[in-house]
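Please read it alongside the sequence and the coordinates.

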Amino acid sequence: EGIGRRGGNLQEMRVRPLAKRRVDMHGFCNPSGFQRSPYLSARGNFANIFQGSSEEGYKAYHADKYDEDKNPNGIINFGTSENKLCFDLMSKRLTQADMNMIDPSLLQYPDWKGHLFLREEVARFLTYYCKAPAPLKAENVIVLNGCGSLFSALATVLCDPGEAVLIATPFYGGITQSVFLYGNVKLVYVYLDSKITGTSTRPFQLTVEKLEKALQDARAEGVSVRALILLNPQNPLGDIYSLSELRDYLEFAKRHELHVIVDEIYMLSVFDESATFHSVLGMDRLPDPQRTHVMWGITKDFAVCGIRFGTLYTENQDVANAVASLCYFHGVCGPVQHKVAQLLRDRGESVAPYWINQVYLRANHARLKAAHTYVTDELKTLGVPFLNRNAGFFVWIDFRKYLKTGTFEEELLLWKRFLDNKVLLSCGKAFECSEPGWFRIIFADKTHRLQLGMQRIRKVLEEREQEILAEEKEQPCQSDQDGKADSTDEVIFVSHHQEPTCASSPSLGDLIGLLQQQMRSSDWLQKNTAEQFA
């Protein structure tokens with residue numbers, strides 16, 4: 001029940017029972033055409049529907065990939081969170097002589113937690129980059145084939161079937177697949193919205209008050225919540241939590257005896273010096289260390305999503321052993337464990353990894369920053385509001401003014417329209433966003449693809465704008481605001497990861513963007529043509 005349900009507003013979502021709300025996960029494409037298969041179990045049928053309802057765009061992309069030479073009219077993928085800017089650096093490093101070793105021990109079954117040599121390197125690596133107050137221990141490290149497997153394993157060992165995990169929306173939708181399909185663990189949503197309610201608030205801000213309300217609502221309906229998931233840096237928002245915020249979230253979890261799963265997969269992808277990342281492992285004191293579990297992997301920060309490698313750090317040996325028992329299904333092959341260890345230990349003559357700091361991270365951050373600047377400048381030119389953050393590979397964009405009635409049906413139509421024009425984005429429903437019209441765009445791509453992709457996006461938006469203007473002229477009595485989402489003028493181009501836009505001191509770029517948006521959203525340009533002036 002409820003798969004693919006769209007439309008409605010935030011109040012409707014809050015009123016709708018949690019049990020029904022949690023079945024809506026990731027169903028932004030309508031699976032009504034799916035028939036129950038007699039060859040599958042109930043779980044198998046749900047998995048089949050789940051896959052079919054969420055993969056439409058990716059199937060189209062893989063069937064018609066853009067290639068500058070072979071398929072210039074193919075689909076450009078701005079939907080998958082991959083860093084495509086550093087293939088040159090990584091291919092060179094991963095093919096150097098020290099990477100290629102086949103020792104007999106690498107061809108045998110390892111310790112299911114991972115080879116000790118790798119876990120020792122992971123502990124040293126995290127100690128340095130997380131700024132841990134004391135050396136982290138290899139015995140607390142577990143290695144699996146990706147953070148998706150870690151989410152599945154943790155959900156299975158921390159929760160019984162039918163129990164739930166708390167998570168703020170919008171969030172990376174793949175977590176639903178990892179947590180629900182394997183362990184039958186539900187998600188309780190903490191709905192965030194774009195409104196700014198005061199000078200110390202920011203759009204989509206997570207607060208302890210919102211966590212408390214969602215937890216109490218779930219418990220009132222008889223739902224057992226066992227854990228809280230935190231994404232830091234946050235996907236798709238790009239937010240970086242301050243130390244005080246992290247402490248507040250962890251203290252909240254401790255009060256309610258909740259495990260905290262902290263996903264720090266983008267911790268080295270903070271590309272601007274003005275933003276500071278704080279790892280949970282860098283805190284002087286964890287409120288509840290036995291219930292705090294931190295995930296990281298190389299796929300994002302080292303631009304190698306095709307190498308499935310994730311690592312868990314937990315001081316709870318019961319949790320570590322339980323997760324390790326599932327590594328039989330989610331292990332990393334020996335030769336890859338060797339390569340990852342070599343990559344992480346590349347320290348040269350200094351205490352810090354030499355190649356990582358002096359070569360890779362410098363280049364990666366510069367490239368990410370340049371690509372981010374290009375895309376956000378294009379959005380400013382279009383007068384499109386967005387959250388301007390300095391972490392990850394994505395920009396969270398507000399396309400609500402291109403929705404006439406402000407529904408998820410319209411959001412899906414706009415998403416399909418982008419796809420028809422050969423550019424794949426991710427729409428807000430895929431992240432369980434409570435407000436229709438928000439989209440995520442991946443900017444960590446080469447310049448020529450960014451340029452062509454943004455041209456295609458501009459074409460769709462300009463066509464949609466003209467259609468809305470034509471519809472409004474046909475219905476002159478209808479208010480401009482009827483059926484539209486609330487204005488977000490006050491949060492256009494939010495510039496700092498901890499600070500909302502200050503109305504008293506906007507930058508010149510913000511003012512220009514605001515003026516352009518107001519001109520584009522009115523009929524001023526239509527009424528004041530060059531011919532009329534002549």
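Is R291 buried, partly exposed or exposed? R291 is partly exposed, with a relative accessible area of 27%; here buried means under 20% relative accessible area, exposed means over 50%, and partly exposed lies in between, for a 1.4 Å probe and protein chains only.

1. Basis of the note. The model is predicted: local features need pLDDT of at least 70 and side-chain atom pairs count only at pLDDT 80 or more, while totals for chains, interfaces and linings use all residues. Residues are numbered from 1 along each chain as its sequence is written, and side-chain values use heavy atoms, with hydrogens and water left out.

2. Seven strands form an open sheet of mixed pairing, in the order 2-8-7-6-5-3-4. Strand 2 (141–144) and strand 4 (186–191) are the edge strands, each pairing on one side only. From one strand to the next the twist averages 25 degrees. Helices (H or I, at least four residues) and strands (E, at least two) are DSSP runs numbered from the N terminus, and two strands pair if DSSP finds at least two bridges between them.

3. A parallel pair. Strand 3 (residues 164–169) runs parallel to strand 5 (residues 225–231), with which it pairs over 4 bridges. I167 has I229 of strand 5 as its bridge partner.

4. Helices on the sheet. Helix 7 (residues 147–158) packs against strand 2, strand 5, strand 6 (259–263), strand 7 (292–297) and strand 8 (310–314), and its direction makes about 160 degrees with that of strand 7. Helix 9 (residues 208–220) touches strand 3, strand 4 and strand 5, at about 140 degrees to the direction of strand 4. Contact means heavy atoms within 4.5 Å; axes are lines fitted to C-alpha atoms, for helices over the stretch in contact, and angles run from 0 to 180 degrees between N-to-C directions.

5. Salt bridges. The structure holds 29 salt bridges, each a side-chain nitrogen of Lys or Arg within 4 Å of a carboxyl oxygen of Asp or Glu. R291 meets D288 at 3.0 Å, N to O; D288 is buried at 13% relative accessibility. D98 pairs with R93 at 2.9 Å; D98 is partly exposed at 30%, whereas R93 is buried at 4%.

6. D64 and K422 form a salt bridge of 3.1 Å, N to O. The two residues lie 358 residues apart, D64 in the loop between helix 4 (56–63) and strand 1 (76–77), and K422 in the loop between helix 15 (408–420) and strand 11 (423–424). A salt-bridge network links E410, R417, K459, E463, R464, E467 and E471.
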